[in-house]
Amino acid sequence: MLSLKLIRDDPSILERSLRQRGQEAEPVKKLVELDKKWRHLKGEADKLKGEKNAISLTISEAKKKGGNIEPIVKKTKELSEGIATLDAKAEKLEVQMAEILLTVANIPDNSVPLGKSEADNPEVRKWGEPRKDSKSAKPHYEVAEKSLIDFERGAKVAGHRFVVLKGLAARLERSLVNFMLDLQVMNGYAEVLPPFLVNSKTMTGTGQLPKFAEELYRCRDDDLWLVPTAEVPVTNLFSGEILEESALPMKFCAYTPCFRREAGSYQKDIKGIMRQHQFDKVELVKFTLPEQSSAELETLTRNAESVLQKLELPYRVIELCTADLGFASAKTYDIEVWLPSQDKYREISSCSNCTDFQARRANIRFRRAGKMEFVHTLNGSGIAVGRTMIAIMENYQDGNGFTVPKALRDYMRCDRVDF
RNA sequence: GCUGGGGUCGCAUAGCCCGGUCCAGUGCGGCAGGUUGCUAACCUGUUGGGGAGAAAUCCCCUCGGGAGUUCAAAUCUCCCCCCCGGCGCCA
């Protein structure tokens, strides 16, 4: 959520931001107009309330003196009616403004490159060399189908975009989760295991609601939703709290399964486990002072990259241009791992600086020099587990199986897996 | 799930029975200033959100959330949420 103050002071900043994202600037004009009316009503109502409160105070004294309070009571009743009318009007405006404000995206950082689509995302750096015989590697879904991934039974038990991992694939998934968590703890992140179901308030805090409800799974009769990423419960850990300035930055890592309806992804990545309704992920979350957040995004991204470096998987880092930026993010780096069977780099992590956008929604503050300020929040995958498994099966593939990356051998208790 | 207790301005507490000097008191912490020849002590002010104003300042809102009664609600009524203890159930 953006601050109304910012919009009042200079709506053109937000209008430009929306245009850069390729969105309509119309909501800003509407917001300015509603706010103007609201402030007028608020002033009128406050005036009447002040009057009423003042009169109301005289009643008890008049009563003690035994005077006639009837006319005074009548006057306050009249005032009450006027107040109720004005308040109702103001509330309508507040609801309208909140509706808009909660669906307006964050303002991109000045450093974010302008662009019209994902084709305009510049490459920031590259690590590792894709293997020369890339084209001989078969896609994971072809080689793993026999003994490692059961697509049919996944579909039978739950439906399309669900799988059952078997034997060493199941162990590989578990090994990757443990490996990633251990590594990120060494990188200085405190491990937490949050709830996998959260309430609407929490979903609103990080920006999934109200705008993206169709991408979430909702429990039938309870106010509970399945988390689409650990970012949601972990960022909201301190909602409504006031943090110690000296404790910042705070860094957390968390494993959770992630549940996404993938509405609108019809026929996209339908083969294999590239895009599932349920997948595992280790997530990194930071709470920082405002002036720290851009530097902390750099280290957070490096920390996510360290997973791929330890696994010796080639990757590149790109920066999302204004048009591709997520709703809550002011700046995002995507990490893309090399997938031989597709002969290209594919997203495996997304690291974002959400500045004070989520902190405002979730009301996460700290006190400095006696004043309250909003913290900045950051998050990034550290990293997506299923896609890492794909990358290993393809990049380490040789003949009828694949070599286990050195970093995983202690977890896997073997150095090779056969298909 | 049943039952008893509880949720108050950063933290801790008072107030609630008997509605109105409570626009919430006190202690601690934080901030600002002052004082004593020292990183200790003391004194004063301040401490959440919002509106109007150039400013001084003025006003409104806030006692877990919501609805209601009333001229007036932290205080009364109803619903919901959460925390602590007991019983029940359970991986």
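This is a predicted model: local features need pLDDT of at least 70, side-chain atom pairs count only at pLDDT 80 or more; totals for chains, interfaces and linings use all residues.
**View 1. Chain A is assigned two domains.** Domain 1 covers residues 4-101 and domain 2 covers residues 118-418. Their C-alpha centres lie 43 Å apart. Chain A averages a pLDDT of 93, and 100% of the residues score at least 70. For the complex, the predictor gives an ipTM of 0.89 and a pTM of 0.94.

View 2. The most comes from α3, with eleven residues. By type, the residues of the surface near RNA strand B divide into seven charged, eight polar and five nonpolar.

**View 3. Eight strands form an open sheet.** The strands follow the order β1-β10-β11-β12-β15-β9-β8-β4, and their pairing is mixed. At the edges stand β1 (123-127) and β4 (190-192). Each has a single partner strand, so one side of each is left without a neighbour in the sheet. From one strand to the next, the twist averages 25°.

**View 4. Strands β9 and β15 pair inside the eight-strand order, with helix α7 packed on the sheet.** Strand β9 spans residues 278-288 and strand β15 spans residues 376-384. The two are antiparallel and pair over seven bridges. One bridge can be followed residue by residue: F287 has T377 in β15 as its partner. Helix α7 (residues 167-186) touches β4, β8 (250-259), β9 and β15. The direction of α7 makes about 10° with that of β9.

**View 5. Three strands form another open sheet.** The order is β7-β13-β14, again with mixed pairing. Strands β7 (242-243) and β14 (371-374) are the edges. Because each of them has a single partner strand, one side of each is left without a neighbour in the sheet.

**View 6. Strands β13 and β14 are joined by four bridges.** Strand β13 covers residues 365-368, and β13 and β14 run antiparallel. Within this pair, R367 stands opposite M372 in β14. Strands of a sheet pair through backbone hydrogen bonds, in either a parallel or an antiparallel sense.

How values were computed
Residues are numbered from 1 along each chain as its sequence is written. Chains are lettered from A and ligands numbered from 1 in the order in which they are written. Two strands pair if DSSP finds at least two bridges between them. Axes are lines fitted to C-alpha atoms, for helices over the stretch in contact, and angles run from 0 to 180 degrees between N-to-C directions. Two residues are in contact if their C-beta atoms, placed from the backbone, lie within 7 Å. Ala, Val, Leu, Ile, Met, Phe, Trp, Tyr, Cys and Pro count as nonpolar, Asp, Glu, Lys and Arg as charged, and the others, Gly among them, as polar. Domain bounds come from an automatic or database domain assignment. pLDDT is the predictor's confidence in each residue, from 0 to 100.
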